[in-house]
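What follows is a walk through one chain, from its overall build to a few individual side chains. Please keep the sequence and the model in view while reading.

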Amino acid sequence: MWDYITERHAQLLYQSYQHLSLVIQCVLLATVLAVALAVFVHRNPRVVALAGGVSAIGLTIPSFALLGLLIPIAGIGTATSVIAVTFYATLPILRNAVVGLAGVDNSLIESARGMGMGAIRTLLRIELPLAWPVILAGVRVSAQMSMGIAAIAAYVLGPGLGSFIFTGLTQIGGANALNSALVGTLGVVLLALVLDALLLLAGRLTTSRGIRA
């Protein structure tokens with residue numbers, strides 16, 4: 001397998017970059033969408049329950065089925081991959097963002113209002129910072145899941161390491177089929193570990209000591 005890697009190191013590095021870039025961009029977009037939705041719904045218990053149900057149901061949709069449904073709409077390639085990865089990435093972040101914001105003590109919000117803070121300032125200075133550890137936990141789950149979904153997106157010719165996996169699976173019994181599948185799989189696992197470590201570091205840097213304690 002080492003010979004296989006050395007012969008294709010340039011391709012592996014480039015597709016690893018593509019894979020990581022796809023996941024990071026989709027998770028960032030998903031975080032923005034999920035937090036924005038959570039801000040609007042977290043004060044309404046009925047809508048909170050609906051958001052939780054939608055998140056749970058959405059995660060049961062098979063990724064191959066979603067990719068197949070998206071092909072007539074977005075075609076084959078990067079666009080379909082981005083839509084699919086962003087869709088799945090949004091769901092755990094939305095659930096955690098709603099839980100995190102709903103869990104902020106109302107007395108703290110009332111105190112902030114009593115000090116003259118408006119709704120937006122209270123959200124940015126009080127609610128989001130207190131909810132951030134819970135939101136970040138959802139982001140970490142989302143990032144790990146998105147690594148796998150991005151690999152499956154090779155089914156629609158999406159960028160990343162999934163092409164190595166699919167090549168190996170379609171050529172089972174052929175030369176280098178096992179090496180191709182193993183290299184792609186191990187590459188995805190390694191990228192997932194690296195991204196999780198970066199998110200863990202980001203959490204320590206962006207969460208105040210009082211909240212961490």
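Met-1 belongs to the segment before α1, a helix that covers residues 2-7. The model is a predicted one, and the chain has an average pLDDT of 90, with 98% of its residues scoring at least 70. Confidence is highest in helix α2 (residues 9-41), at a mean of 95, and lowest in helix α10 (residues 209-212), where the mean is 67.

The chain holds 10 helices and zero strands. Its C-alpha trace spans about 70 × 40 × 20 Å along the principal axes. Of the 213 residues, 41% are buried.

In an unreviewed entry, UniProt lists residues 16-199 as "domain: ABC transmembrane type-1". In the model that span is 83% helix and 0% strand, and its end C-alpha atoms lie 18 Å apart. The unreviewed UniProt entry also gives the annotation "transmembrane region" to residues 20-40, 47-67, 149-169 and 181-202. Two of these can be set side by side. Residues 47-67 are 86% helix, with end C-alpha atoms 28 Å apart. Residues 149-169 are 57% helix, with end C-alpha atoms 17 Å apart.

The stretch 149-169 is one of the annotated regions, and the loop between α7 (119-152) and α8 (162-170) contains Leu-157. The phi angle of Leu-157 is near 65°, a positive value in a residue other than glycine. Leu-157 counts as exposed because its relative accessibility is 65%, over the 50% cut-off.

Which residues make the nonpolar surface patch? Met-1, Leu-178, Leu-182 and Leu-186 form it, over about 380 Å². Met-1 has 41% relative accessibility and so counts as partly exposed.

Turn now to the charged side chains. The count of salt bridges comes to three. One of them joins Glu-7 and Arg-8, with the closest N and O atoms 3.3 Å apart. Glu-7 is exposed, at 61% relative accessibility, whereas Arg-8 is partly exposed at 25%.

Another salt bridge pairs Glu-127 with Arg-43, and here the closest N and O atoms are 2.8 Å apart. Glu-127 is in helix α7 and Arg-43 in the loop between α2 and α3 (45-59), so this pair ties together parts that are 84 residues apart in sequence. Glu-127 is buried, with a relative accessible area of 3%; Arg-43 is partly exposed, at 48%.

Asp-196 and Arg-140 also meet in a salt bridge, at 2.9 Å from N to O. This pair links distant parts of the chain, with Asp-196 in helix α9 and Arg-140 in helix α7, 56 residues apart. Asp-196 counts as buried because its relative accessibility is 19%, under the 20% cut-off. Arg-140 is partly exposed, at 26%.

The last stop is the loop between α9 (177-206) and α10, where Thr-207 is placed. Is Thr-207 buried or exposed? Thr-207 is buried, with a relative accessible area of 10%. The side chain of Thr-207 reaches the backbone oxygen of Gly-203 at 2.8 Å.

Conventions
Residues are numbered from 1 along each chain as its sequence is written. This is a predicted model: local features need pLDDT of at least 70, side-chain atom pairs count only at pLDDT 80 or more; totals for chains, interfaces and linings use all residues. Side-chain values use heavy atoms; hydrogens and water are left out. pLDDT is the predictor's confidence in each residue, from 0 to 100. Helices (H or I, at least four residues) and strands (E, at least two) are DSSP runs, numbered from the N terminus. Patches are made of residues with over 30% relative accessible area and no salt bridge: like charges are joined within 9 Å, nonpolar side chains (Val, Leu, Ile, Met, Phe, Trp, Tyr) within 5 Å. Accessible areas come from the Shrake-Rupley method with a 1.4 Å probe; for residues, only the protein chains shown count as cover. A salt bridge is a side-chain nitrogen of Lys or Arg within 4 Å of a carboxyl oxygen of Asp or Glu. Buried means under 20% relative accessible area, exposed over 50%, partly exposed in between (1.4 Å probe, protein chains only). A polar contact is a pair of N or O atoms within 3.5 Å; within protein, one must be able to donate a hydrogen and the other to accept it, and residues adjacent in sequence count only if both atoms are side-chain atoms. UniProt positions are given in the numbering used here, feature names are shortened, and annotations may be inferred rather than shown by experiment.
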